[in-house]
Structure formats: structure tokens, C-alpha cells
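Have the structure open while you read.

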Amino acid sequence: MSTENNVRNGGRAVVATLAAHGVDTIFGIPGTHNLEFYRHLPEFGIRAVTPRHEQGAGYGADGYFLVSGKPGVVITTSGPGLTNVITAAATAYAESRPMLILSPGVPTGFERADVGMLHETKDSSGALNRLLVSSQRTRTAEGAAQAVAEAFAMFDSARPGPVHIEVPLDVLEGAWNGSVPVPFAGHRPGLDDHVVARAAEAISAAKRPLVIAGGGARRAHAEVVRLIETLDAPLATTANGKGIVSETHPLSLGSNVRFPSVQAESAVADVLIVLGSELADSDLWGGAIGAQTSIGVRDESAQQTVIRCDIDPDQLNKNLPGDILACADTGEFLTALMSALESAPATAASAKECGADRVTRIRQSWATDFDFDAIGARVTRLVEDGAGSNVVISGDSSQVTYDGTVHALTASTPDQLLYMPGFATLGYGIPAALGAKLADPARPVVCILGDGAAMFSIQELMTAAELGLGIPFVIVDNGGYAEIEGQMVDRDIEPFAVRLARPDFAKLGQSMGGAGVTIAEADIDSALPQAVAEALDRTVPTAIHITVGH
């Protein structure tokens with residue numbers, strides 16, 4: 001069948017615009033109503049990845065973005081196809097990650113008609129508009145193409161997040177007589193020179209500065225390195241900021257903002273610089289960053305100056321009110337800030353504790369902050385041993401991730417941990433790993449997750465096998481939802497509904513066309529690194545089943 005066609009319809013308008021914006025991969029499942037999107041993908045050289053569930057499409061698109069830097073694109077069919085992807089889209093919203101979701105909708109004039117059409121939904125666009133950055137129902141093919149261009153402009157100029165575009169069936173299948181919109185730059189907030197000058201003045205006088213960086217600073221690696229080295233200031237990151245600066249850097253405290261020692265250091269810093277983070281409780285675990293008497297209430301006796309930078313003005317005072325607020329792109333703000341510091345008149349050097357010495361002192365407290373010998377941390381280090389230091393690890397809302405990989409992985413780049421601390425959804429890890437591997441096939445990608453999380457998306461091992469992806473899926477099996485069982489015990493509830501039957505994951509991996517290995521917890525030190533290395537050499541996925549306490 002020819003890959004070219006002359007059908008100039010709404011589907012072609014959208015797909016041509018995707019191609020013009022550099023899209024080369026989409027995630028989704030073909031359905032009765034979205035075929036006019038799919039018709040045009042081969043002509044424009046866009047690869048279609050078909051997961052076994054639309055939620056997997058959304059998580060795969062997110063993993064693809066985190067490694068490639070390109071916004072993930074999902075195509076669903078109408079009705080249940082779209083509603084299946086909502087959890088993944090809501091995850092992207094919570095983590096401030098770009099995602100474009102395209103779906104067909106009921107024909108023009110049938111909105112809320114309730115006539116029993118196939119996949120008919122009361123108001124899909126209205127529902128998603130309340131959950132995502134935006135959702136719009138287009139009226140023309142030309143409008144649909146323009147909406148795609150506007151979404152990409154927003155991704156590059158504002159706090160990113162998921163955007164949904166609904167194309168009515170009559171528009172999708174109807175004539176398109178327009179042209180492909182030319183990509184255009186969105187409008188980023190302008191820098192306020194007065195704010196930059198105030199920040200430079202405060203920093204110049206600092207004796208005990210500390211920098212906190214979140215996901216909003218992911219693209220500002222060089223600028224953040226320059227800042228901390230100029231200030232000789234320690235850097236701690238959130239989970240979404242992990243690897244912005246290599247965690248082997250002598251000024252790096254890693255992604256450990258939840259550690260009491262890091263929070264205590266933030267309370268005594270005379271200048272605290274927060275870049276691209278809302279300082280969320282999902283990262284702080286009930287603690288606080290900065291000198292505060294309670295969350296959002298500054299301790300004025302501490303005489304601490306808080307400088308905050310975020311591209312979203314609504315983030316600038318969240319969970320810690322700031323004194324100097326820069327509504328700007330992190331990289332642009334830091335570039336201007338460093339220029340101001342370098343051009344400022346020289347001042348007498350103030351007595352400061354060496355930044356590297358501060359990091360060493362803080363790290364000495366970590367033995368009481370975190371159990372580095374727990375199963376999640378051990379598995380993570382062993383996976384690094386088998387896969388190499390540039391490994392990408394996809395996690396899940398599993399104890400082995402948030403109480404293991406987040407802290408135990410030594411990241412050198414901001415794409416090495418695929419995780420979603422804010423929305424904390426189960427089922428993310430397996431499809432996110434697929435997206436990451438598709439984004440960079442030569443890079444070692446490993447998924448580490450628990451048995452409970454694995455059962456949410458285990459069907460995507462079949463997708464990995466079909467695509468020939470040699471990904472090790474390390475499933476740490478503790479018998480169900482062990483953390484929730486522990487919470488029940490803490491509340492004097494006799495545990496029930498949390499001890500679950502599980503499959504033989506190794507055999508399940510084999511049955512899906514991959515490989516399977518079972519390793520007892522007592523044997524992981526000797527067996528896991530080799531199992532991971534061998535799995536990475538395969539062209540099919542490997543389910544590595546680690547049995548804990550069985």
C-alpha cells in the first residue's frame with residue numbers, strides 16, 4: 001500500500017503540523033474514530049507506538065519526553081480511549097511535563113446530544129479542561145492545526161503541562177484548505193532588572209548560601225553549576241530535579257531535600273535560593289525547607305533572605321514565601337544574575353564555611369536520615385553495577401523507588417530517573433521505560449518497581465517484546481501492598497486486602513516473548529548485576545523477579 005495520499009482533511013492538517021514541530025513518534029491505539037489521524041503518519045515519517053492500554057501510552061510519552069526532551073504526543077480514540085489516558089495526563093500536570101493529547105470527538109452539532117453514538121461522551125473536552133493545562137474542542141481543520149502550534153509554543157514558554165485537543169469527527173474527516181502553521185516562539189516572562197540587582201546584592205553578602213533546584217531547572221544545568229561554584233554553595237534537589245548537577249559534584253547533596261539534615265541546613269542558610277520548585281510535601285515528607293515556624297509562615301527571627309525563581313508566578317510563594325521573586329525561566333534568570341554578580345564592585349571577602357566541607361558535614365548525618373541498606377537502595381546500586389553509570393532507571397509509586405532509587409541512584413544527568421513524586425500513580429514505571437528506550441535505543445534503560453505497581457501495567461511487557469526492546473524489568477516482590485499493610489498496623493487495623501496473590505513474573509515475561517529470571521533476596525548481591533547486564537544484551541525484555549521474604 002502506498003504511504004502517500006492526497007487526502008487533505010483535518011487529520012492531515014494535524015499530522016502535518018506535528019511533523020513541522022519535530023514530532024517523530026506518537027503513542028496510542030488505533031480505533032474506529034481516530035483513523036484519519038493514523039492515515040497520514042507514514043507519509044510524514046512519524047512512528048506509531050501501540051501499547052496495550054492508553055494509560056501506557058501516556059506514561060510512555062512521558063518517559064519519551066524525559067529522555068528526548070521532546071514533548072510526548074498521544075493519539076486516542078473517542079470515549080473510553082480518551083478517558084483511559086486521563087490518569088497519565090493528570091500525572092503530567094502534577095509533574096509539570098509537556099504532553100499533547102489528540103482525540104476525535106462527536107460531530108459538530110451533536111455536543112451533549114445523548115443520542116447513543118459509539119463512544120459518545122457527555123463533554124470530554126470540558127472534563128479534561130478541569131484536569132489539565134487546557135483542553136479545546138476545535139471547529140475547523142485550520143483551527144485544529146493552529147491549536148497544535150499553540151500547544152508547542154506554550155510548552156517552550158510557560159510552565160509546561162498536558163494539553164488536549166479534540167477534533168470533531170466531521171472536522172477530522174472533512175476538507176482542509178489551509179497551510180501548515182509555522183512554528184512560533186511563545187512569550188516568556190521578561191526579566192526584571194531590579195529583581196536581578198536585588199538578588200545579586202543579597203547573594204554578594206551571603207556567608208551561608210544554599211541552593212534548592214526542582215524540575216523547573218532541568219534545562220539550566222550549566223547555569224546552576226556556574227551559580228553553585230561561584231557562590232561555593234551546596235545544592236540539593238527535589239526528585240524531579242535529580243541530576244541537574246552531577247551528584248558526584250563536591251557541592252551536590254543529591255535529591256535529598258526530605259532528609260532532616262538537609263532541611264536543617266536550609267533553615268540556617270542566610271540566603272536560600274529556590275529554583276523551579278514548589279517545595280511540595282511529596283518531596284519533603286512532612287518537613288520544610290527554609291526557616292519557618294509552620295509551612296508558609298516565615299521565622300522572622302532567622303533573618304533569612306529567600307530568593308525564588310519560577311516561570312509560573314503562582315509558584316513563587318508556595319510553601320515558602322519569598323523576599324525576592326523572579327518570574328522567569330531559570331536559565332535566563334541565572335545568566336542575568338551571574339552577569340550582575342561579575343560586574344558588581346569587589347567587596348571584602350566574608351568568613352564562610354567551605355561549601356564542600358558543608359556537604360561533607362551534612363552527609364555524615366545521613367546514616368540516621370535514610371537506610372542505605374534497605375532493599376530498594378541495595379537493588380538500585382546493584383542495577384547501577386550491572387548497567388553502568390549512565391543508566392536510566394524508571395521507577396513507580398513503589399517503596400523501592402521513593403525509599404530507594406530516588407536517593408540511592410547517583411545521577412549525572414537530569415534524565416536518569418523517570419518518576420512522578422507528586423501524583424504518585426501506580427503503573428507508571430513499565431511504560432515509561434518503553435518510552436525512554438525508544439527515545440534513546442543505545443542508552444541502558446532499566447525499570448525497578450514493586451509487585452503491586454507491576455500488576456497495573458504488566459501487559460506492556462508484550463509491547464516491549466513486540467518492539468524488540470532489551471529492557472530489564474526488576475520486580476521486587478514483597479507480597480502485595482506492604483507499605484499500606486504497615487500503615488494499617490500503625491493505626492491498629494488488622495491487615496486485610498493488602499496481601500495479594502502474584503504471578504510467577506519470570507514465567508510471565510517468558511510467556512510474553514521475553515526472558516525471565518528469579519532471584520532470591522539472599523542472592524541479589526552476586527546474581528543481580530550479572531542478570532541486568534545479560535538482559536541489556538538481549539533484544540527482548542527480561543522480567544527479573546526478586547522474591548523478598550518468601
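## Holes, a pocket and a helix pair

The largest cavity is lined by Leu66, Arg97, Arg218, Ala239, Asn240, Lys242, Pro414, Leu417 and Tyr419. Bear in mind that this is a predicted model, where local features need pLDDT of at least 70, side-chain atom pairs count only at pLDDT 80 or more, and totals for chains, interfaces and linings use all residues. Residues are numbered from 1 along each chain as its sequence is written, and side-chain values use heavy atoms, leaving out hydrogens and water.

A word on terms: on a 1 Å grid over the protein atoms alone, a cavity is a set of points where a 1.4 Å probe fits but cannot get out, while a pocket is an open set with protein on both sides within 12 Å along at least five of seven lines; lining residues have an atom within 4 Å of a point. Points are joined across faces, edges and corners, and a volume is the space filled by probe spheres set on them. For the classes, Ala, Val, Leu, Ile, Met, Phe, Trp, Tyr, Cys and Pro are nonpolar, Asp, Glu, Lys and Arg charged, and the others, Gly among them, polar.

By this rule there are 2 cavities of 30 Å³ or more.

| Space | Volume | Lining by class |
|---|---|---|
| Largest cavity | About 60 Å³ | 5 nonpolar, 1 polar, 3 charged residues |
| Second largest cavity | About 40 Å³ | 5 nonpolar, 4 polar, 1 charged residues |
| Second largest pocket | About 690 Å³ | 19 nonpolar, 14 polar, 7 charged residues |

The lining of the second largest cavity includes Phe27, Val49 and Glu460. Its largest share, 3 residues, comes from helix 18 (helices are DSSP runs of H or I, at least four residues, numbered from the N terminus).

As for the second largest pocket, 40 residues line it, with Ser397, Ser398, Gln399, Tyr402 and Glu483 nearest its centre. Helix 17 gives the most to that lining, 6 residues.

Now the helix pair. The axes of helix 1 (residues 10-20) and helix 7 (residues 141-157) come within 8 Å and cross at roughly 20°; axes are lines fitted to C-alpha atoms over the stretch in contact, with angles from 0 to 180 degrees between N-to-C directions. That makes helix 1 roughly parallel to helix 7 (angles under 35 degrees). Gly10, Ala13, Val14, Thr17 and Leu18 of helix 1 make the contact with Ala141, Ala144, Ala145, Val148, Ala149 and Phe152 of helix 7, contact being heavy atoms within 4.5 Å. By class, this contact has 9 nonpolar, 2 polar and no charged residues.

Definitions and conventions
Helices (H or I, at least four residues) and strands (E, at least two) are DSSP runs, numbered from the N terminus. Angles under 35 degrees count as roughly parallel, over 145 as roughly antiparallel, 65 to 115 as roughly perpendicular and the rest as oblique.
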